[in-house]
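Please open the model in your viewer and keep the selection panel at hand. The stops below move along a pair of strands and then out to the domains around them.

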Amino acid sequence: MSANTETPLLSVRGLNVYFGPFQALKNIGFDIPTGTTLGLVGESGSGKTTIGKVILGQVKAESGSVIYDGEDITNASRSRRRGLGRDIQVVFQDPYSSLNPTRTIGQTLSEPLMMAGVTSRTDIRRRIKELLDIVGMPADTADRYPFEFSGGQRQRVAVARAVIAKPRLVVCDEPVSALDLSVQAQVLNLLNDLQRELSVSFLFISHDLTVVRHVSHRTIVLYKGEIVEEGDGAQIQDAPQHAYTRTLLAAAPVPDPARQREKRQRWREMRQAQLNT
Amino acid sequence: MTDAVQIDTPAVPRVAGRPNLLLSILLRPLGLFSVLWLSIVVIVAVFAHQIAPYDPMQQNLLAIKQYPSAAHLLGTDAFGRDILSRLIVGSSGTILGVLQALSVAALLGISLGVVAGYFGRWVDRAIGVYVEIIMALPNIIILLVILTIFQRNMSIAMIAVGIIGSANTARIIRSATLGVRNELYIEAARITGLSDLAIIRRHIIPRILGPITVQLSIFAAISILIQTGISFLGLGVQPPFPSWGGMILEASVAINDFPWLLVPSGLTVAITILAFGLLGDSVRDSLAARWTHTSTPQKQRAGFRAGTTSQQAFDDSAALSVRGLTIVTRKDGVEKALVEDLNFDLAAGEILGIAGESGSGKTLSSLAVLGLLPAGVEVVSGQMRFSSKTYDLSNTRALRPLRGQQIAMIFQEPMAALDPCFTIGHHLVEVIRRHTPMSRAEARAKAIEALAEVQIADVETVMKKYPHQISGGMAQRVGIARALIPAPQVLLADEPTTALDVTVQAEILDLLRESQKKRKMSVVFVTHDWGVVADICDRAMVMYHGKALETASVEDIFARPSHAYTRALLAADPHAAPIGERLPTIQDMLKEGSR
């Protein structure tokens with residue numbers, strides 16, 4: 001898991017994004033070294049999803065740059081973008097609408113391979129079988145339709161689609177937020193395993209600091225379009241520097257009644273202090 | 001509760017080899033009928049001259065207007081011509097016309113509709129203008145003009161019908177495309193680098209095949225009507241050549257003295273039109289059956305009604321006590337239990353958490369208390385003891401007076417619980433005046449009081465706002481204020497903070513706890529979040545697949561969970577886990593437990 005510190009796989013600098021008069025992102029900058037996970041935490045409206053969209057080319061930046069493997073892809077042409085599809089992939093929050101209900105899992109998984117230039121049907125079938133095995137799905141999954149699977153299983157298929165053509169970066173936009181706790185654990189383990197095996201990098205976007213802390217090497221806290229704090233997950237949790245991070249941490253309840261009582265007391269004091277100022 | 005409850009990971013349902021499309025159409029009675037009929041019509045139309053028993057134009061004035069006989073299976077017409085032969089030969093023109101119109105409408109309509117819906121912007125606007133122009137034109141007059149100009153050329157007329165029909169087809173296909181254009185799988189395909197054409201071919205078309213087939217089958221039926229209509233007017237095939245429309249015209253002339261003449265031609269046209277409609281429906285259903293849940297009858301689980309009522313007595317000290325609650329869903333005559341023989345007691349002044357994952361039945365159990373179950377889901381047995389009265393939970397009508405009065409409810413989507421057409425003030429005044437008759441001004445004063453209690457700062461301004469102008473957290477505060485107005489003894493809270501940001505959640509939880517203490521209210525708090533359980537609940541009931549696994553004080557649930565499933569769920573929470581290490585999953589835990 002050693003990171004290549006020389007040139008990061010992805011480097012974002014001075015990113016500004018406007019939606020009309022509203023500034024969604026203010027001077028965002030960060031690096032994602034090869035084979036590591038960057039966690040992006042924020043509440044609704046913080047701009048965390050927008051960052052992912054800029055990297056994927058779905059939202060145009062007003063200024064700033066996105067450098068992928070030494071290449072400026074901020075304003076990449078349409079044809080270059082299509083080429084980048086092989087290297088930069090995505091996993092969405094909603095496992096239901098992210099798989100086409102009319103296509104078999106096999107048909108869905110074959111698309112990234114076809115775009116990566118794999119033409120032989122046997123190769124495609126073999127690779128799909130391999131991937132389904134890695135994500136822990138039964139071997140006959142390829143011939144079935146999404147409706148036959150639960151939300152957690154679909155999300156594993158969505159992860160398989162993202163990594164099947166061996167991309168180097170995957171943007172995970174709230175990949176476990178719609179899942180039950182028991183299934184969430186499986187998907188988080190899967191992401192960790194995949195990173196170890198494929199040395200893929202993740203941009204892990206979530207509103208849940210606990211989840212982000214568990215999977216990320218470094219974490220960024222986003223508030224109203226600005227980065228307010230950056231550090232490794234444990235550091236942010238144990239020694240938060242910014243007032244917003246402290247509020248966020250204090251507000252998140254822990255599954256332990258005694259500790260939660262103390263925590264709530266701290267949150268109340270903090271809130272009272274904020275209201276007074 | 002018992003440890004004997006089986007916990008199994010839901011297995012992937014095994015679907016035995018799916019029949020191919022044609023077979024699955026033929027397996028539907030209406031599909032079989034329409035395919036058979038249309039095949040016969042088409043085969044007859046192609047080999048008309050070989051099949052026809054007589055020359056359709058040969059007159060026999062000695063045998064006019066005869067009823068069916070062995071020699072003339074469908075009888076003879078006013079000139080003694082064999083009706084069956086005329087019907088057979090006349091089908092060619094109709095089927096050819098339908099095919100011409102249909103192919104033009106399909107080609108133009110589908111491509112224009114998909115392109116307009118997929119690309120949007122100026123492409124959509126340009127195609128929209130084309131569609132509107134065509135729809136604004138008087139169709140019949142255009143057809144008559146075309147028939148005049150092209151000397152009654154039926155092919156050109158039917159192609160014109162196809163062009164006219166393409167407008168409506170394009171409109172419907174466009175809106176179907178719009179509905180799927182923003183689906184995430186299309187986004188994913190675009191990010192993967194698929195070209196627009198590939199996305200349309202692989203993702204859009206298969207998804208909208210349903211509306212396409214239905215629309216085209218309706219159009220085919222309409223074009224039969226138009227084709228026969230033109231012949232009926234005497235503008236298409238000229239007598240004495242046979243055509244379906246012409247035959248109806250001849251029948252209408254003789255309607256008074258020989259009504260039978262209308263039966264063969266009229267019935268053929270009607271059945272063919274019907275067959276096209278039915279074919280469209282069958283194809284759509286068969287297509288959808290490949291990728292959606294089909295109602296394959298399963299073995300019925302009998303006996304939910306009889307003998308499941310729990311013998312356990314009510315806890316009379318409880319504010320609310322439920323016994324033997326069984327909720328089922330019925331689909332195609334098959335009953336499935338969603339909640340089975342559930343018992344719980346809500347002590348006075350306590351907050352009882354109902355914790356569980358999706359499909360555990362936690363929300364249904366709380367909705368059943370007020371008889372608010374969704375359609376298709378019902379209580380088959382269950383008793384509730386509340387304020388020294390016993391209620392039968394399957395009798396929804398008897399529960400109605402409790403709603404919002406003694407038992408109130410707040411929901412997961414606070415915004416959906418407010419009507420976008422009315423101001424916040426209106427919502428509250430409405431509720432207040434519904435419960436106690438009073439003047440608007442008095443009700444307004446009470447509403448302001450209620451909003452102040454849920455710690456809304458600028459009450460006067462908020463009163464004037466519409467739901468879309470306030471935040472989710474504010475909407476939930478309004479929801480709580482509204483629920484608390486009639487001073488209920490019991491509040492049912494169904495995941496009230498799940499849709500909120502964590503900082504807002506903390507405020508709402510704080511507010512709920514304060515109100516509960518102040519009013520000495522009892523609260524049922526449904527949630528999937530263990531942090532929330534630890535924060536606000538006094539006791540918790542853990543549910544799994546419609547059954548309560550254990551109920552205990554929160555201290556015990558977290559420190560000494562008695563059921564393996566609870567232990568597994570708590571361990572799967574990344575809270576306690578070392579960073580980056582494998583999280584124990586339910587499967588891991590259960591394996592260990594069984595050793």
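**A strand pair in chain A**

Begin by selecting β9(A) and β10(A), which pair in the antiparallel sense over five bridges; strands (E, at least two residues) and helices (H or I, at least four) are DSSP runs numbered from the N terminus, and two strands pair if DSSP finds at least two bridges between them. This is a predicted model, in which local features need pLDDT of at least 70 and side-chain atom pairs count only at pLDDT 80 or more, while totals for chains, interfaces and linings use all residues. Residues are numbered from 1 along each chain as its sequence is written, and chains are lettered from A and ligands numbered from 1 in the order in which they are written.

Within this pair, A:I220 stands opposite A:E230 in β10(A). The two strands form a hairpin with two residues between them, and A:K224 in the turn has a positive phi of about 50°.

Next, select strand β3 (residues 37-41) of chain A, which pairs with β9(A) in the parallel sense over four bridges; here A:L38 stands opposite A:R218.

Now colour chain A by its assigned domains, domain 1 (10-239) and domain 2 (242-277), whose bounds come from an automatic or database domain assignment. Their centres, taken over C-alpha atoms, are separated by 31 Å. The contact takes eight residues from domain 1 of chain A and six residues from domain 2 of chain A, two residues being in contact if their C-beta atoms, placed from the backbone, lie within 7 Å.
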